[in-house]
Amino acid sequence: MELAQSAAFFGCTRKCIPGEGEWRNLYSHSNSRQERWTICKKRRKDLTVRVIQRGSESSTRSLAVKASDGGVEVETAVVEKPRVRTFEVYRGNPMPFGAIAQDDGVNFAIHSSGAESATLCLISLSDLQEQNRVTEQISLDPLSNKTGDVWHVFLKGNFEDMLYGYKFDGKFSPEEGHYFDPSRIVLDPYAKAVISRTEYGAYGPEDNCWPQMAGMVPSPDRKFDWEGDLPLKYYQKDLIIYEMHVRGFTRHESSMSRFPGTYLGIVEKLDHLKELGINCIELMPCQEFNELEYFSYNSVLGDYKLNFWGYSTVNYFSPMIRYSSSGILNCGRNAINEVKVLVREAHKRGIEVIMDVVFNHTAEGNENGPILSFRGVDNSVYYMLAPKGEFYNYSGCGNTFNCNHPVVRQFIVDCLRYWVTEMHVDGFRFDLASILTRSSSLWDAVNVYGNPIEGDLLTTGTPLSSPPLIDMISNDPILCGVKLIAEAWDTGGLYQVGTFPHWGIWSEWNGKYRDIVRQFIKGTDGFSGAFAECLCGSPNLYQGGGRKPWNSINFVCAHDGFTLADLVTYNKKHNLANGEDNNDGENHNNSWNCGQEGEFVSLPVKRLRKRQMRNFFLCLMVSQGVPMIYMGDEYGHTKGGNNNTYCHDNYINYFRWDKKEESSSDFFRFCCLMTKFRRECESLGLYDFPTAERLQWHGHTLGMPDWSETSRFVAFSLIDSVHREIYVAFNTSHLPVIVTLPERPGYRWEPLVDTSKPSPFDFLSEDLSERDAAIKQYAHFLDANSYPMLSYSSIILLLSLDDQA
């Protein structure tokens, strides 16, 4: 444990996924995080950062540190003397947290255990954008405006276009874990909308990458017409999930969207998802983050690196404002409504909405990072700290959210409830969820019991068998009814796939499924038995713990790593476009280029690649568990072999609607038909693991499976109430085979899918005009109860009545 803890301190600058082969490189190698935070101008000129000071101060302070020395010149702006107060001030209530609109005013409440004084700063939208100044400051009285560790106040007045933040005074002692700085206005962690820059990728005032941010003051008369929207409440076993990026989905010019790169842009394209057979979308991070967080010039592409993926949250209650078509209009309320429109319209089409949430760390990074919110409000509460104030780094991103601290776990539960009740989302995927199971900075015997206990090993960061946060979420009367999906690992070496604390309702991204399926499909020896487990929903991982196949989220590709097309095109990563000399990203991808590297290859290699893509997709659709498709894989999107595209706001990450149209009669057609087939088959989305009463394994010969180390063939037949019985086989050898089919007197096997065939004969759908002729070509094999399989191919056959019997 000591070794694990020491390795978890700040210093790792990559977001990695242990054991599953994919990296998210979050920061550049060339500069420290402090430099990347502050040096944000194109020509690396001195950057001026304005900091709002108390109105009583009348002098300007500056730090004369030049950018060339690895620092930045900081100029402190003086706030004019506050105007005559325009608000009536009352004591207020300590609960609930945040800014809460009531009929006659707004109640403000925020937890800060170490602050000696607190000031509520009210900022009009015009003052923030034009003058960067505080409109009005209200000092909170520790006697009347504080209850326990909660500062609170109730105000009456005109809050039109009004924003707010706080200033806290107290110790600035990093070695003790305190970062109170009264010169900084910090965000309320409970703010429902965060206002700063107006346009995605554009600088703030004076070319500032980190301009002053403020929260929206709510008003009681803002209503949204949900048009009777209710949760769809699909059984999880019936889901087909589509992982997607809000901006990337419609940003390319070929989308022809009226609102490219926005929530409303997705609404325009929901029919595409419906056609593909998707009934659940998983949105990559769309809580407020700063896409300019590690803004830097990329000499390879001649553009600028951005935080495109968004795994670095600034505020958890606020939607990403710059993903909305309306931006900061109406102080962010319009952006909130656009998210609601997306959810409402998705539900109308039978599509649930899951959010990818990042509660393992925040954008404030390590001790060199900015003070934006949590650090300035109560650093020692919100982050896991070592005895001398160092930040534990189980996230690989500089800090670790102190998830199992009582205040923090309540914050997380409150946040999740908000997105479910107010925004109507259907569930969450938790990034690096193993961090949510680690003990908090308070978790030691002295704090819990009042004295040390001999032999007690529960120190900060220790994995807990019954984590309070997971317990709270799992048994919460609201959250227990939504989808809960864990990315069951972190960068501190904790890997919990199959063992994540689950209370019977949590599912997991099954990284082992991905690794095994990739190995078997590309023809690696020794994986036939493990592949069969994957087809059954991974009972080796989940059955013993009392879980079901639907607790496994099956995927071959995700935002991390190769796309499906690149998985069959490249043996090695090609990440030069990231500007890091190809040093970033995972080196072991379990990929195979089918004989030649890159896109410009011979026709036979291209044909084999298409066959392999069909094999992967077929496998995903016939496996028990919940399939997840990555955005763009349905038409064969390529990132040019780049397996770590975290920083590209360009064609590399954009969905190519023109390419999708080119694929409409080819791979996209195959994908649509396969998802439709899965939905039709009662046996391909079982609630429980299949037994011998329903499932029978086969080899080349009927009823004789080959589980040897050299086996590259797996086949099974499955009783299905809709199609009577289906036969599925995978031949991942370089040699063709002839398989013997199960004897079924009075019935005849008919081919449905053969991935070795070109489109449209890869899937013999009912509307295919040449279907009967294609089936007749195999009549002599089928009459002999057999079927020929080419190398690297998979098939599905259906049982039908034999008219000649």
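## First stop: a strand and its partners

Helices (H or I, at least four residues) and strands (E, at least two) are DSSP runs, numbered from the N terminus. Two strands pair if DSSP finds at least two bridges between them.

This is a predicted model, where local features need pLDDT of at least 70 and side-chain atom pairs count only at pLDDT 80 or more, while totals for chains, interfaces and linings use all residues. Residues are numbered from 1 along each chain as its sequence is written, and side-chain values use heavy atoms, with hydrogens and water left out.

Now show strand β28, residues 713-720. It pairs with β29 in the antiparallel sense, over eight bridges. The two form a hairpin with three residues between them.

Turn to the strand β33, residues 793-801. Six bridges join β29 to β33, and these two run antiparallel. Pick F730 and you will find S794 of β33 opposite.

Is β29 enclosed or open? Strand β29 covers residues 724-731, and seven of its eight residues are buried, so the rest of the structure largely encloses it. Buried means under 20% relative accessible area, exposed over 50%, and partly exposed in between (1.4 Å probe, protein chains only).

## The whole open sheet

An open sheet of five strands has the order β27-β28-β29-β33-β31, with antiparallel pairing. Which strands stand at the edges? They are β27 (695-698) and β31; each has a single partner strand, so one side of each lacks a neighbour in the sheet. On average, neighbouring strands of this sheet are turned by 20° against each other, direction ignored. Axes are lines fitted to C-alpha atoms, for helices over the stretch in contact, and angles run from 0 to 180 degrees between N-to-C directions.

Select β31 and β33. Seven bridges join them, and they run antiparallel. E750 has L798 of β33 as its bridge partner.

Go to K757, in the loop between β31 and α19. Its side chain makes a polar contact of 3.3 Å with that of S756. A polar contact is a pair of N or O atoms within 3.5 Å; within protein, one must be able to donate a hydrogen and the other to accept it, and residues adjacent in sequence count only if both atoms are side-chain atoms. Leaving aside neighbours within four places in sequence, K757 is in contact with R614, D762 and Y778. Contact means heavy atoms within 4.5 Å.

P760 lies in the loop between β31 (747-754) and α19 (771-776). The peptide bond from S759 to P760 is cis, with omega near 10°.

## The barrel

Next, select the strands of the closed barrel. Eight of them run β17-β18-β21-β22-β23-β24-β25-β26, with parallel pairing. Neighbouring strands here are turned by 25° against each other on average, direction ignored.

M355 has F428 of β22 as its bridge partner.

## Two helix stops

Show α9 (residues 406-421) and α11 (residues 468-475). Their axes come within 10 Å and cross at roughly 30°. The contact involves R409, Q410, I412, V413 and L416 of α9, and P468, L469, M472 and I473 of α11.

Move to helix α12, residues 511-521. It is mostly covered, with 10 of its 11 residues buried. N510 caps its N-terminal end: a side-chain oxygen lies 3.2 Å from the backbone nitrogen of K512. Just after α12, G523 takes a positive phi of about 95°.

Most residues other than glycine have a negative phi, and most peptide bonds are trans.

- E206 has a phi near 55°, a positive value in a residue other than glycine. E206 is partly exposed, at 40% relative accessible area.
- N590 is not a glycine either, yet its phi is positive, about 55°. N590 sits in the loop between α15 (564-567) and α16 (603-622).
- A cis peptide bond joins M95 and P96, with omega about -5°. P96 is in the loop between β5 (88-90) and β6 (98-102).
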